[in-house]
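Biologist: Please show me the sequence and the model. I have some questions about them.

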Amino acid sequence: MEQTFLMVKPDGVERGLIGEIIGRIERKGFVVREMKMMQASEELAKAHYAEHAEKPFFGELVTFLTSGPVVALRVEGTDAVSVSRLMIGKTKPTEALPGTIRGDFANTMSENVIHGSDSVESAERELGLWFQGQPVNA
Ligand code: GDP
Ligand code: MG
């Protein structure tokens, strides 16, 4: 069993897509092991997106992620990292296929409804950051 870190971003929460997104994850057969709605601090947002610190859009990214509450999720299942990335869809709106979460609900690069870890290593790092390494249902 593999775990991944998924997050409904502020635009997804604002647009009332929490249930839709979690519903898709659950119907796929994945299990939500831990979940919390929270306001990310600037420090947490910067740490989360540390790999993009040198990118020109980093400031915008951090501002967006801290612009409202997010829903952080610890999700478990077979190949949870790669399969959830397939369900999320590509980052670019022109490449996010219909049927994926971004393909169905997002239309811009900067506000794209959901985050998902891109590797098992990223998932471990991000779960540690957002859940402070304390799995509730371990
Ligand atoms: P992801 O793993 O598919 O979320 O994509 P990345 O890790 O490459 O980028 C992280 C997030 O930064 C994306 O989900 C977008 O919200 C945002 N992002 C990526 N590239 C750009 C860009 O060129 N411009 C802006 N404004 N945002 C971007
Ligand atoms: Mg990424």
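Biologist: Is His-115 buried or exposed?

Modeller: The model is predicted, so local features need pLDDT of at least 70 and side-chain atom pairs count only at pLDDT 80 or more, while totals for chains, interfaces and linings use all residues. Residues are numbered from 1 along each chain as its sequence is written, and chains are lettered from A and ligands numbered from 1 in the order in which they are written. A residue is buried with 20 or more other C-beta atoms, placed from the backbone, within 10 Å of its own, exposed with 12 or fewer, and partly exposed in between. His-115 has 20 such neighbours, so the class is buried.

Biologist: Which feature does UniProt place at His-115?

Modeller: The entry is unreviewed, and its annotations may be inferred rather than shown by experiment, with positions given in the numbering used here and feature names shortened. At His-115 the record has "active site".

Biologist: In which strand is His-115 found?

Modeller: Strands are DSSP runs of E with at least two residues, helices runs of H or I with at least four, numbered from the N terminus. By that numbering, His-115 is in β4.

Biologist: In what order do the 4 strands form the open sheet?

Modeller: Two strands pair if DSSP finds at least two bridges between them. The pairing in this sheet is antiparallel, and the order is β2-β3-β1-β4.

Biologist: Which strands stand at the edges?

Modeller: An edge strand here has a single partner, so one side is left without a neighbour in the sheet. That applies to β2 (31–38) and β4 (114–116).
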